[in-house]
Amino acid sequence: MVTGSIRLFVETGLAAGAELAGAEAQAHYLASVMRRSVGDTVKLFNGRDGEWRARIVELSRKKVLFAPQILLRGQAQEPDCWLCFALLKRNKTDLVVEKATELGVSRILPVITARTQADHVNLDRLRAIAIEAAEQCERLAVPQIAAPVTLPALLAAWPAGRRLFMADERRDSKLARFTSDPAALLIGPEGGFTDAEVAAIGADQNVTRVSLGARILRAETAAIAGLALLLAGDPPEE
Ligand code: SAM
């Protein structure tokens with residue numbers, strides 16, 4: 001029997017003894033890729049019920065059944081921090097979603113701006129990337145990924161009480177590490193925000209414009225650096 005460190009995200013509720021079916025892709029992964037068998041254990045999480053050690057009770061290339069046995073970690077509160085980023089080309093957008101998930105964001109909002117390089121995304125693919133990153137980095141939840149919105153729509157619907165930190169390469173004020181929750185980081189497109197966009201964002205009372213340092217970072221680097229600064233204070237679980 002292999003007691004594994006394989007972590008899998010499931011949509012279903014998790015409770016002791018309540019058998020649940022995994023996805024066909026998970027069956028293929030366990031049976032054909034990881035060569036697991038009935039009796040082996042894996043870790044399951046669903047973003048609500050914590051992390052469980054579960055035994056494989058049935059396994060074929062197309063079907064897997066799990067029996068949750070032991071609660072390993074209760075569902076701890078994760079930081080409430082959003083990433084709003086101007087859509088990038090596919091591979092860079094994928095990278096931003098993966099890294100933002102590893103860094104601990106709770107929600108990812110792709111934004112369409114005047115100089116955005118793309119105007120649509122495959123949300124299923126981004127969700128699969130976020131699930132795999134959450135499985136790998138041992139998070140207990142997968143960030144929600146919203147459908148792309150335009151910048152004016154994002155600002156118009158912005159929830160009061162959530163501070164929006166706009167990464168602005170034209171500013172000299174440093175990004176303060178802060179403890180207040182909830183928060184969000186806004187990253188511009190590779191070509192930058194237009195003057196009109198900067199004026200509209202700057203006029204919004206929920207916004208604080210911040211610098212990420214003296215160098216002009218690529219958008220994906222700015223997203224990763226900004227989130228690392230914002231979430232660096234996120235203490236490890238007790
Ligand atoms: N407008 C710039 C240009 O082309 O000259 C560059 C835009 S930069 C590649 C993409 C985005 O990353 C910016 O809109 C900003 O949100 C963020 N960014 C890059 N470097 C930054 C810095 N040093 N401080 C704050 N934000 C930065």
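Start by selecting T113: beyond its neighbours within four places in sequence, T113 is in contact with A86, L151, P189, F193 and E197. The model on screen is predicted. T113 sits in the loop that runs between strand 7 (107-112) and helix 3 (123-137). Its relative accessible area is 8%, so T113 counts as buried, the cut-off being under 20%.

Next, the aromatic rings. The structure has two aromatic pairs.

Select F9 and F45 for one of them. The ring centres of F9 and F45 are 5.5 Å apart and the planes meet at 65 degrees, so this pair is edge-to-face. Now colour by secondary structure. F9 belongs to strand 1 (residues 3-9) and F45 to strand 3 (residues 41-45), so the pair ties together parts 36 residues apart in sequence. Switch to a surface view. F9 is buried, at a relative accessible area of 8%. F45 is buried too, at 0%.

Move on to W82 and W158. Their ring centres lie 5.4 Å apart with planes at 75 degrees, so this pair is also edge-to-face. W82 is in strand 6 (residues 81-86), while W158 is in the loop between helix 4 (151-156) and strand 10 (163-167), so the pair ties together parts 76 residues apart in sequence. Both W82 and W158 are buried.

Which residue has its charged end 3.8 Å from the centre of the W82 ring? Select R162: its charged end sits over that ring. Then show R107, which lies over the face of W82 at 4.6 Å from the ring centre.

Methods: Residues numbered from 1 in each chain as written. Predicted model: local features only at pLDDT ≥ 70, side-chain atom pairs only at ≥ 80, totals over all residues. Heavy atoms only, no water. Helix = DSSP H or I, 4+ residues; strand = E, 2+ residues; numbered from the N terminus. Buried < 20%, exposed > 50% of the residue type's maximum accessible area, 1.4 Å probe, protein only. Contact = heavy atoms within 4.5 Å. Phe/Tyr/Trp six-rings, centres within 6.5 Å; stacked < 30°, edge-to-face > 60°. Lys NZ or Arg CZ within 6 Å of the ring centre and 35° of its normal.
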